[in-house]
Amino acid sequence: MDSDDESLLESLLSGEHRALARVISKIENRSPGYRDLVSQLYAHTGNADVIGITGSPGAGKSTLVDKLAEAYRDRGETVGIIAIDPSSPFTGGAVLGDRIRMASTVGDMDVFVRSMSARGTLGGLSTATADAVKAMDAFGKDKIIVETVGAGQNEIDIVRTADSVAVLVPPGSGDDIQTLKAGILEIADIFVVNKADRDGADRTVQELREMVHIGEESGIGGGHHGVDTGLDGSDAVEDDAAGSDEGWTPPIVETVATKGTGVEAFIDELTTHRAYLVDSGARAEKVRTRYAEEIRTLLREDVHTMLEDELAESGGIDDLAEAVRQGETDPYSIATDVLAPVEACLENVETDASEDTDTE
Amino acid sequence: MSSEQDAESIRCLVAKVGLDGHDRGAHVIARAFRDAGFEVIYSGLHKSPDEIVQAAVQEDVDVLGISILSGAHDTLVPKIMNGLEEYGAKDDTLVLAGGVIPDEDREGLLDDGVAAIFGPGTSIEETIDFVRENAPQR
C-alpha cells in the first residue's frame, strides 16, 4: 500500500467523512491499490449491524430507510446508508434519486448516505457494495442499511451482504400466486407491508401470512435461505443454518413510512432477528457463507479480467464475434480454444500445490 | 485493464439551493448528464448550503452543479464554497453555477471558486463538454 492510501486509511479510521467518501470511490472505481485498502479494512470490521432493504420500485424503501435512520439517531447510534439505483445499460449513466427522500436526517453528518449505481457487471456491484459496507463498518457506523430495488438476482446478491433482510411489499402487489414465485420473497427475514393505510393492505398481509405459514409447514418458502455454502463444516449449527433460518418465522410488520407509523415495531423485529441470529449460531454461518461468496465473486471477477485482457491483446473480441458471424467458427469452440492454455496452467498449479504439501 | 477503465464514471451532484421552487432546468440537466454517461445525484428542491455540502462530501462527487433562479447566489454560493473547503473538498470539486445570474455578479462567483457559469441559452452539449474536459483527475 502506498503512503497516500495509508494516510487515507488512517483518516478513515479516525473518523474523517471525506476519507470514507474517498475510499468508497476508490472501491467503486476499482482504482489502483483499492484491494490493499479493502484488505486492511477487514481487521476493523465486524461491529456494525447490516440491514438490507429491498422491494419493488415505489414500495417506499427510501422513505422507510430515512425514518429508520432517524429512529436510530434518536437512540444515539450512527448510521451508514448505501442506496443502489440502476444505471443505463447503454450509456452507463444514472440518476441516483434516493437521497431526495432522506430528508429527516439532513445536516446530520452521522448519517452517511452514499448512492451507488449498478455500474459494472458480473458480480461487480455486489463486490463493490460489500466492500463499501466494510468501509462504513471500519469507520465505526453502528447500523449500515443497504437499500436496493428488488428487480433481479443481482439485487438478491446485494441484500445478502446484510445480516437481516427486510422485503417491502406494497399493498395490492399482485394475486397470491406472486407470493409463490421464487426470488425476492424467499430472502426475507422480515416482511414489511408499507403504505399500510391503503386499500388492500389487509389482504396483502393475509396473503403473506399464508405464504409464511405454508413455508413453515413444508420447510420451504418463506424465510428459506437455502444456499449451498460449499463449505464442508458439519456441525449441527451449520446444518441448521445452511438450510434456512430454521426456527425463524419471518414476521410481517405494517408501516406507513411517510408518517413514521410502525417504524418502532420494525426496529423491534430487526433487534429480535439479530438476537436470534446470535443465539442460534446462525450468524456465524451467515458470515461464513458471505465470505465464501465474496471469495468466489472475487475469483470470478479476476479470471474474467485476465481473460478480457488476454482477448484484447490477441486482437479483441470483435474479430472473434465477426468470425462467428461469418460462419467460420462458433462461440463454444472459441471458448474452448481460449481456455485451453488456462486449463493447462491450472493442471500445473495443482501439481505444484500437491508437491508443496508433500514436501512439508 | 479494460474492466477497470469501464468502472470509472464522472459523478455529479445537481443541486437546487435556496427558496426557488422551479427545477425544470435541473431535471433537464440531470437527464442530459445521465445520457452522457455520468452518474447524477439530484438533491431535490429547497436545500440549504449545509445540506448540499454534506451531499457533495458523502457522495464524493467530481462535479457540483448549482442551479439558482432566486437571485440569492451571492449569499448561498459562498456558503457552499466555504463548506467544501472545511471538508477539504473545494480544490478538487468542479463547481458550476447555472440559472439566472446577472453578468455583474459573475466575477464574484468565479473569484469564490466557481469554475464556470452557464446562463440561460447555454447548450447542453457545451456544458457536457466542459465537464468532460475539466472534471478533476483524482
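The model is predicted, so local features need pLDDT of at least 70 and side-chain atom pairs count only at pLDDT 80 or more, while totals for chains, interfaces and linings use all residues. Residues are numbered from 1 along each chain as its sequence is written, chains are lettered from A and ligands numbered from 1 in the order in which they are written, and side-chain values use heavy atoms, with hydrogens and water left out.

**Chain A at a glance**

- Chain A has 12 helices and 8 strands; helices (H or I, at least four residues) and strands (E, at least two) are DSSP runs, numbered from the N terminus.
- Of its 360 residues, 48% count as buried. Buried means under 20% relative accessible area, exposed means over 50%, and partly exposed is in between (1.4 Å probe, protein chains only).
- The accessible surface of chain A comes to about 17200 Å², and 52% of that belongs to carbon and sulfur atoms. Accessible areas come from the Shrake-Rupley method with a 1.4 Å probe, and for residues only the protein chains shown count as cover.
- Take the contacts in chain A between residues at least 6 apart in sequence: 75% of them join residues at least 24 apart. Contact here means heavy atoms within 4.5 Å.

**A patch of negative charge**

- On the surface, A:Asp2, A:Asp4, A:Glu6, A:Glu10 and A:Asp36 gather in a patch of negative charge.
- What makes a patch? Its residues have over 30% relative accessible area and no salt bridge, with like charges joined within 9 Å and nonpolar side chains (Val, Leu, Ile, Met, Phe, Trp, Tyr) within 5 Å.
- For charges, Lys and Arg count as positive and Asp and Glu as negative, while His and the chain ends are not counted. The place of a charge is taken as NZ of Lys, CZ of Arg, CG of Asp or CD of Glu.
- Helix α1 of chain A (residues 3-13) gives the largest share of the patch, 3 residues.
- A:Asp4 sits in helix α1, and A:Asp4 is exposed, at 57% relative accessible area.

**Salt bridges**

- Side chains of opposite charge can pair when their charged atoms come close. A salt bridge is counted when a side-chain nitrogen of Lys or Arg is within 4 Å of a carboxyl oxygen of Asp or Glu.
- Over all chains, the structure holds 33 salt bridges.
- One of them joins A:Arg22 and B:Asp92, with the closest N and O atoms 3.0 Å apart. This pair crosses between chains, from helix α2 of chain A to the loop between α4 (73-86) and β4 (94-99) of chain B. A:Arg22 is buried, with a relative accessible area of 18%.
- A:Glu294 pairs with A:Lys134, and here too the closest N and O atoms are 3.0 Å apart. A:Glu294 is in helix α10 (residues 282-313) and A:Lys134 in helix α5 (residues 124-139), so the pair ties together parts of chain A that are 160 residues apart in sequence. Both A:Glu294 and A:Lys134 are buried.
- A:Lys259 and A:Asp197 meet in a salt bridge at 3.5 Å, N to O. A:Lys259 lies in the loop between β8 (252-254) and α9 (263-280) and A:Asp197 in the loop between β7 (190-193) and α7 (201-218), so parts of chain A that are 62 residues apart in sequence are tied together. A:Lys259 is exposed at 61%, whereas A:Asp197 is partly exposed at 47%.
- Salt bridges that share partners join A:Asp49, A:Glu77, A:Lys143, A:Asp163, A:Arg274, A:Arg283 and A:Arg290 into one network.

**Around the network**

- A:Lys143, a network member, lies in strand β5 (residues 143-149) of chain A. A:Lys143 counts as buried, at 10% relative accessibility.
- Which residues does A:Lys143 contact, leaving aside its neighbours within four places in sequence? They are A:Asp49, A:Ile51, A:Tyr72, A:Glu77, A:Thr78, A:Val79 and A:Gly80.
- A:Ala282 is in helix α10 of chain A and is buried, at 5%.

**Positive phi without glycine**

- A:Arg30 is not a glycine, yet has a positive phi of about 50°. A:Arg30 sits in the loop between α2 (17-29) and α3 (34-42) of chain A and is buried, at 13%.
- B:His46 is not a glycine either, and has a positive phi of about 60°. B:His46 is in the loop between β2 (39-42) and α3 (49-59) of chain B and is partly exposed, at 45%.
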